[in-house]
Amino acid sequence: MSPPNPPPKDVAVVGAGVIGLSIALALQARGLSVIVLDREGPAAGASEGNAGAFAFTDILPLASPGILRKAPGWLMDPLGPLSIPPAYAFRIAPWMLRFWQACAPDRVAAATTAQTALMDLSKAELEPFLARTGTSGMLAKRGNLQVYESQEEFAASLPGWDAREAHGIAFRHMTAEEMADLQPGLSPRFTHGTFTPEWYSISDPKLYTLKLAERFRAEGGQIERAEILALQPTDKAVVLQATDRTFQVRQVVLAAGAFSHRIARSVGDRIPLETERGYNTTLPANAFDLRLQITFGGHGFVVTRLSTGIRVGGAVELGGLRLPPNFRRSEAMLRKAKEFLPALETGGGVQWMGFRPSLPDSLPAIGHSSASRRVIYGFGHGHLGLTQSPATARLVADMVTGAPPAIDLSPFSPQRF
Ligand SMILES: Cc1cc2nc3c(=O)[nH]c(=O)nc-3n(C[C@H](O)[C@H](O)[C@H](O)COP(=O)(O)OP(=O)(O)OC[C@H]3O[C@@H](n4cnc5c(N)ncnc54)[C@H](O)[C@@H]3O)c2cc1C
């Protein structure tokens, strides 16, 4: 006699990135049985190679009048902070139109308020989450230094800092001398800076995500390799159609990063998810004596100390999910980093490209599918998925268990487009 089939799991989470695994752990903590399905395995996507920042102070949406001012200049440089490969320019046009519409001042103000609520929740959830998952030792609180090359560039940043101040963000503007004390070795071309102390970082985003997977398994969770093609909700369950088999569970959480919209389409939701491809190079740990994360905002990249090396990366390439990476972008950022931190040793680096999952108004999609309350979305966190993972986990766990949400979820509704 063959053994009986195991009972169906309460929840399947599609995607084993930092968002999916944080959600899976939060559901597990509420006593639910959970299976995580990923076509490659944990930390295979953007969660592998990001800059490791819990950027709680980054409350201003990318879609803003400021970006509209900078974008034309950036687009002139084919290896600059923002690029649109000609092969993808036509495909991205509808998303760009929505992005442009989201830059209207009233929409920016509403998105900033929503983003602040999500950031505050994430900040409150982070340390208890790390303690529960045995990862507290991976957190560093070194802060971030945003640097400017002229009085004009600094002055142009001030309205943004005023907006952050209005939302309770702590920061301190700095002179070149003060910056030199904080971070020796910074080029004197940077005349002004702003230090934000409440910007934390994780020792390494890939190791952190793998640790979450390990913890989830240790608590009885199951992670399987499966590429999910479609979801079929019924009154009592949801069937997940994979390439080679099916799964049946009571509820599904879709957290497949930049690929989520393809699966959402199978339940009738057309979500304008695009990818902002980002690049970096990770240098050996002794490449530079980096004391804190530095943001070169005018050049669209950051330099970060990880336990595994010094990571130089950022940039936005609106090139979709299929074009091969253009690692000349990683090289261009590394050349600039050498100019800005002259003692940086640039040999021995490892290059990487990742797909940021981005919605045009810079807010994620957190909410039910339009077809069924058994299908819940948690994706589209753009530049901030690591930062917002603790809040997303809490909010999705509330939705799955029917608890009242900790913050107003309407700005994150997947049906808002
Ligand atoms: C250069 C760069 C720097 C960044 N820096 C930061 C930072 O400092 N701080 C920060 O907060 N954020 C940062 N981000 C953004 C952050 O990395 C992402 O927002 C976050 O990793 C998204 O996590 P995710 O779990 O949604 O997606 P992913 O990590 O991409 O995971 C999605 C998973 O879904 C799986 N999958 C896809 N399709 C299917 C399918 N059909 N079936 C099954 N599985 C599937 C994939 O294999 C993958 O494992 C950065 C991003 C980049 C590119």
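Strand E5 (139-140) and strand E9 (residues 200-202) pair in the antiparallel sense over two bridges. Two strands count as paired if DSSP finds at least two bridges between them. Helices (H or I, at least four residues) and strands (E, at least two) are DSSP runs, numbered from the N terminus. The bridge partner of leucine 139 is isoleucine 202 in E9.

This is a predicted model, in which local features need pLDDT of at least 70, side-chain atom pairs count only at pLDDT 80 or more, and totals for chains, interfaces and linings use all residues. Residues are numbered from 1 along each chain as its sequence is written, and side-chain values use heavy atoms, with hydrogens and water left out.

**A sheet of three strands**

E5 and E9 belong to an open sheet of three strands. The order is E3-E9-E5, and the pairing is antiparallel. Strand E3 (53-54) and strand E5 stand at the edges. Each has a single partner strand, so one side of each is left without a neighbour in the sheet. Strands of a sheet pair through backbone hydrogen bonds, either parallel or antiparallel.

**Other strand pairs**

The table lists further pairings.

| Strand pair | Direction | Bridges |
|---|---|---|
| E1 (residues 11-14) and E2 | parallel | four bridges |
| E15 and E19 (residues 350-358) | antiparallel | nine bridges |
| E15 and E18 (residues 309-317) | antiparallel | six bridges |
| E20 (residues 365-368) and E21 (residues 375-379) | antiparallel | four bridges |

Take E2 (residues 34-38). Five of its five residues are buried, so E2 is largely enclosed by the rest of the structure. Buried means under 20% relative accessible area, exposed means over 50%, and partly exposed lies in between (1.4 Å probe, protein chains only). Both faces of E2 are covered. Val34, Val36 and Asp38 lie on one side, with Ile35 and Leu37 on the other.

In E15, Glu274, Glu276, Gly278, Asn280 and Thr282 point one way. Thr275, Arg277, Tyr279, Thr281 and Leu283 point the other way. Arginine 277 stands opposite phenylalanine 355 in E19. Threonine 281 stands opposite valine 312 in E18.

E20 and E21 form a hairpin, joined through six residues. Alanine 365 stands opposite phenylalanine 379 in E21.

**Helix H1**

H1 is mostly covered, with eleven of its twelve residues buried. Among them are Val18, Ile19, Gly20 and Leu21. Just after H1, glycine 31 takes a positive phi of about 85 degrees.

**Two crossing helices**

Two packed helices are described by the angle between their axes and the distance between the axes. The axes of helix H5 (residues 105-132) and helix H11 (residues 389-401) come within 7 Å and cross at roughly 90 degrees. Axes are lines fitted to C-alpha atoms, for helices over the stretch in contact, and angles run from 0 to 180 degrees between N-to-C directions. That makes H5 roughly perpendicular to H11. Angles under 35 degrees count as roughly parallel, over 145 as roughly antiparallel, 65 to 115 as roughly perpendicular and the rest as oblique.

Leu118, Leu121, Ser122, Glu125 and Leu126 in H5 meet Ser389, Pro390, Ala391, Arg394 and Leu395 in H11. Contact means heavy atoms within 4.5 Å. The residues of this contact divide into six nonpolar, two polar and two charged. Ala, Val, Leu, Ile, Met, Phe, Trp, Tyr, Cys and Pro count as nonpolar, Asp, Glu, Lys and Arg as charged, and the others, Gly among them, as polar.

**Two single residues**

Serine 187 sits in the loop between helix H7 (176-182) and strand E8 (192-196). Serine 187 is buried, with a relative accessible area of 9%. Leaving aside neighbours within four places in sequence, serine 187 is in contact with Glu339, Phe340 and Pro342.

Isoleucine 228 is found in strand E11 (residues 228-233). Isoleucine 228 is buried, with a relative accessible area of 7%. Beyond neighbours within four places in sequence, its contacts include Val14, Leu37 and Ile263.
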